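Let's take a walk through it, starting with a helix and ending with some charged pairs.

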Amino acid sequence: MATKLIFAVFFVLPFLAYYAQAVTVYDITKYGAKPGADISQVLSTVWKEACGATNASKIVIPRGKWFLSQARLHGPNKSPLELEVRGTVEADPDINKLPNKNWEWITINYVNFFTLSGGGVFDGKGHEAWKRNDCHKNKNCVKLPINLSFNFLNNSIIKDVTTKDSKNFHTNCIASHNVTFLRYTITAPGDSVNTDGIHIARASMVKVLDSNIGTGDDCISIGDETTDLHIENVNCGPGHGISVGSMGKNPAEKDVSGIYVKNCTFTGTSNGVRVKTWPSAPATLRISGLHFEDLVMNNVSNPVVIDQQYCPWNLCDKAKPSLIKITEVTVKNVKGTSNTKEAIILSCSASKPCDNVEISDIDLLYVNPIPANFTTVCENVKPRVFGKQNPPICATTA
């Protein structure tokens, strides 16, 4: 509740000035856009005109299906700018037809007081591309485009739109400040490869609120130098949960702090909330102020995980422990069902044990038909435990 009040005061109020102004509307059909034809050039032309306007502007993509080969939309904008997508914008399913293979499908950079809205859909047509994604085993794999790439945004809101079947990540939000994703929908099959819902990094005061995310990878992934991130009332599933990391491979990675995941529901995901850092890796950043509270797990594998020996596909060396410090962690009021025998895994670094960890009011039931001793795993951590403990927290500690 407090987060939404802050959102209203510090974010919504500045937009009231926008709506008080006369808004110039740019309907792409008035500039030559036609269904069945590529709208990329029209959109680029209209975008430049709207960015140069001294009064508030709104670009409208009307209802219907619209083909877009690729778009790279740059600011700065001189006044508030809205892109209202009412229809379905479709990519070419053939990755070879992407005009610039080094760009994402749609990129929006360097804008302030920007709104993306309208109830429309961005359909990345990713089914064929997923079959070609072998990046987990091939370092020289083909680069696949992100559906919506937001970089260097300030004081902006993305609301009431859907991203569907991206060829790669659905969305990234990089180097941005005070950006809100509101009633944002992400949809892709659970077996779609590397289709993270929202990836956030080097960003501050980002919020993901009242949203539904179902995809084939992390619903939300959090990269380095992220601070004051609020994720509230998000439904996650299918997917890999909400993850901080993975981190550690890049020595230039910077601290992460103030991550709040509250009032979220996970359904059928391979993880709930997770922190992952690589062993035998050079980065020495600090991850602090993690708050996982009021979470519901519905048939979830690994509901709560800190994994400082993260090593997917065994493609790393575990000889040396992670050099990343994790501290100031609260896990509170987590309930529901788990289909793995470990309800909570706290596998911290032997070189930098986790500290200031509090766990309270855990009520999880084991629902896998294969009998098992339902338990928790604790390594290099001594959490403070309060309230209900089902199952017992750190009954044995390594």
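What follows is a tour of a predicted model, going from a helix to the core and then to the charges.

Start at helix 2, residues 40-52. At 1.5 Å a residue, its 13 residues should span 18 Å, and the end C-alpha atoms sit 19 Å apart, which agrees. Now look at which side chains are tucked away: S40, V42, L43, S44, V46, W47, A50 and C51 are buried.

Next, the core. The largest nonpolar core has 91 residues, and those touching the most other members are I59, F114, L116, F181, I231 and I287. Pick L116 and see who it meets beyond its neighbours within four places in sequence: L83, V85, F122, L148, F150, I157, I158, K159 and V161.

K167 is buried but has no salt bridge, and the nearest side chain of opposite charge, D92, is 6.5 Å away. So what does the K167 side chain reach? It gets to the backbone oxygen of D92 at 2.9 Å, and to the backbone oxygen of G124 at 2.6 Å.

Elsewhere, charges do pair up: there are 15 salt bridges in the whole structure. One of them joins R183 and D160, with N to O at 2.6 Å. R183 is in the loop between strand 13 (177-182) and strand 14 (185-187), while D160 is in the loop between strand 10 (148-159) and strand 11, so this pair ties together parts 23 residues apart in sequence. R183 counts as partly exposed at 40% relative accessibility, and D160 does too at 28%.

Another salt bridge links K262 and E293, whose closest N and O atoms are 3.8 Å apart. Because K262 belongs to strand 20 and E293 to strand 23, the pair ties together parts 31 residues apart in sequence. Here K262 is partly exposed at 24%, whereas E293 is buried at 15%.

R286 and E328 also form a salt bridge, at 3.7 Å between the closest N and O atoms. R286 is in strand 23 and E328 in strand 25, 42 residues apart.

Note on methods:
Residues are numbered from 1 along each chain as its sequence is written. This is a predicted model: local features need pLDDT of at least 70, side-chain atom pairs count only at pLDDT 80 or more; totals for chains, interfaces and linings use all residues. Side-chain values use heavy atoms; hydrogens and water are left out. Helices (H or I, at least four residues) and strands (E, at least two) are DSSP runs, numbered from the N terminus. The expected span of a helix is 1.5 Å times one less than its number of residues. Buried means under 20% relative accessible area, exposed over 50%, partly exposed in between (1.4 Å probe, protein chains only). A nonpolar core is a set of buried Ala, Val, Leu, Ile, Met, Phe, Trp, Tyr and Cys residues joined through side-chain atoms within 4.5 Å. Contact means heavy atoms within 4.5 Å. Lys and Arg count as positive and Asp and Glu as negative; His and the chain ends are not counted. A salt bridge is a side-chain nitrogen of Lys or Arg within 4 Å of a carboxyl oxygen of Asp or Glu. A polar contact is a pair of N or O atoms within 3.5 Å; within protein, one must be able to donate a hydrogen and the other to accept it, and residues adjacent in sequence count only if both atoms are side-chain atoms.
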